[in-house]
Amino acid sequence: MFKEIKTTELSSNPFQMIGKDWLLVTAEKDGKCNTMTASWGGLGVMWGKDVAFLVIRPQRYTKEFIDASSTLSISVLPESFRKEYSYLGTVSGRDEDKIAKAGLNVRHEGETPYFEEADTVLVCRKLFAQPYQPESILAEGIDEKWYPGKDYHTLYICEIEKVLVKEN
């Protein structure tokens, strides 16, 4: 069971949650759900709204689902799911039903899919999407190190509409 809390009641450190614990970004298109592991992004305030910042590379299959939907979820699973995180981050949903193979159970909050196994879920509505442009990368070395294939991320800014946390 989940209960809804305010964004200001989130007790997780966003640097730990995103960079160390990892996230599952999930969206639905044409009645099918897909997810990917993410360890880049942020939480903050933009345009007077509590938001999540996500970056998705163009070749990721989940990007098609995010682009087709107005909403998405960010699920944080317990550390015991580290193997599933790795699997979901390396296998494409184009090739197999990776959610079923990972043994995860999809639930919905309204139209937005998320995972029953999560400790924390951010239910988000897209506000903004823009591909990175190489000329916008100002610091030396970033383009060469992170984009040797010129597969620049798209930045998504998403309003956090609900925060769901697992009840103990």
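Student: Where in the fold is the place of Cys-33?

Tutor: This is a predicted model, where local features need pLDDT of at least 70, side-chain atom pairs count only at pLDDT 80 or more, and totals for chains, interfaces and linings use all residues. Residues are numbered from 1 along each chain as its sequence is written, and side-chain values use heavy atoms, with hydrogens and water left out. Strands here are DSSP runs of E with at least two residues, helices are runs of H or I with at least four, and both are numbered from the N terminus. Cys-33 is found in strand S3 (residues 32-38).

Student: Is Cys-33 buried or exposed?

Tutor: Buried means under 20% relative accessible area, exposed over 50%, and partly exposed in between (1.4 Å probe, protein chains only). Cys-33 has 15% relative accessibility, so Cys-33 counts as buried.

Student: Which residues does Cys-33 touch, not counting those up to four places away in sequence?

Tutor: Contact means heavy atoms within 4.5 Å. With residues up to four places away in sequence not counted, Cys-33 touches Thr-26, Ala-27, Glu-28, Phe-65, Ile-99, Val-106 and Pro-113.

Student: How many aromatic pairs are there?

Tutor: Rings of Phe, Tyr and Trp (its six-membered ring) pair if their centres lie within 6.5 Å; planes under 30 degrees apart count as stacked, over 60 as edge-to-face and the rest as tilted. By this rule the count is 6 aromatic pairs.

Student: What parts does the pair of Trp-22 and Tyr-85 tie together?

Tutor: Trp-22 and Tyr-85 form an edge-to-face pair, 5.9 Å centre to centre with 80 degrees between the planes. Trp-22 is partly exposed at 24% relative accessible area, whereas Tyr-85 is buried at 2%. The pair ties together parts 63 residues apart in sequence, because Trp-22 lies in the loop between helix H1 (14-21) and strand S2 (23-29) and Tyr-85 in helix H3 (residues 82-90).

Student: Which residue has its charged end over the ring of Trp-22?

Tutor: A charge sits over a ring if NZ of Lys or CZ of Arg is within 6 Å of the ring centre and within 35 degrees of the ring normal. Here the charged end lies 4.1 Å from the centre of the Trp-22 ring, and the residue is Arg-82.

Student: Which residues touch the most other members of the largest nonpolar core?

Tutor: A nonpolar core is a set of buried Ala, Val, Leu, Ile, Met, Phe, Trp, Tyr and Cys residues joined through side-chain atoms within 4.5 Å. Of the 41 residues in the largest one, those touching the most other members are Leu-72, Ile-74, Leu-104 and Cys-124.
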